[in-house]
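Student: I would like a close look at one part of this model. Please take the charged side chains and what they pair with.

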Amino acid sequence: MDLKQFVKQSIGRWRSQRSAHHLAFAHFEKVRSTIDIMALDPQDPGVLEVCELYKIDPASMESPFRMTWEGESDWDEDDWDKEEEEEEEQELKGSCILVPIPDPESPQNGQLLRDRGYAETIPAIGHYSLNTEGIFTLITEYDRAAAEERIWFATPNLRFRVSQIKTRDGQGVTTASFSSEIRSLSS
């Protein structure tokens, strides 16, 4: 599987169930969400803005896409102060544009440009690799944290995702999660 095939297989609506262990809070969380992944035209204004933001030649991109998500958590918001509640709500609903930039010398590797990150809601560049078994690994360093995700397909309509959020220096894991995602086949 190459990057183009991986993105093409990811297009669609996914029902996700994520189990996350927040080690800093000694808390286990269950999140159910809907994730929509749609292909974008390379000339889409949002895609071109992301390329411009990172000063990347749009001709070097492959298979740009948009991901939107909306979910519900069983996290007890009474344990959070107002600022943290607002931050959590932002994580449960959002959208981002993702622009893969394959390495010309090693197309199974490259950069993934985003207008909004996963661990922090700022623009981010991740480094990806796609191995021969079709496992997509993405490592993104942010201002205060680093995220590592692995995504793979068990079948064309079932995929799994594991992730961990580490401290910026990589010395500690703050969150670890596992997601199973099932493609919605009804329109």
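Student: Is K166 buried, partly exposed or exposed, and at what relative accessibility? Please go on from there to the salt bridges around it.

Tutor: This is a predicted model, so read every value as computed from it. K166 counts as partly exposed, because its relative accessibility is 23%. The cut-off for buried is under 20%.

Now its partner. K166 forms a salt bridge with E148. The closest N and O atoms are 3.6 Å apart. This pair links distant parts of the chain. K166 sits in strand β9, residues 158-167. E148 sits in strand β8, residues 145-155. They are 18 residues apart. E148 counts as buried, because its relative accessibility is 13%.

The structure holds six salt bridges. Take E149 next. E149 pairs with R161, with 3.5 Å between the closest N and O atoms. E149 lies in strand β8 and R161 in strand β9, so this bridge ties together parts that are 12 residues apart in sequence. E149 is buried, at a relative accessible area of 10%. R161 is buried, with a relative accessible area of 10%.

R161 has another partner. The side chains of E181 and R161 meet in a salt bridge, at 2.5 Å from N to O. This one also links distant parts of the chain. E181 is in strand β10, residues 173-183, and R161 is in strand β9. The two are 20 residues apart. Both are buried.

Step back to the linked set. E149, R159, R161 and E181 are joined in a network of salt bridges. R159 leads on to a serine. A polar contact of 3.1 Å joins the side chains of R159 and S10.

S10 lies in helix α1, residues 3-10. S10 is buried, because its relative accessible area is 5%, and the cut-off is under 20%. A polar atom of the S10 side chain also lies 2.9 Å from the backbone oxygen of F6. Leaving out residues up to four places away in sequence, S10 touches I37, F153, R159 and R183.

Start at S10 in helix α1. Its side chain reaches R159 by a polar contact. R159 belongs to the salt-bridge network with E149, R161 and E181.

Note on methods
Residues numbered from 1 in each chain as written. Predicted model: local features only at pLDDT ≥ 70, side-chain atom pairs only at ≥ 80, totals over all residues. Heavy atoms only, no water. Helix = DSSP H or I, 4+ residues; strand = E, 2+ residues; numbered from the N terminus. Buried < 20%, exposed > 50% of the residue type's maximum accessible area, 1.4 Å probe, protein only. Polar contact = N/O pair within 3.5 Å; in protein donor to acceptor, adjacent residues only side chain to side chain. Contact = heavy atoms within 4.5 Å. Salt bridge = Lys/Arg side-chain N within 4 Å of Asp/Glu carboxyl O.
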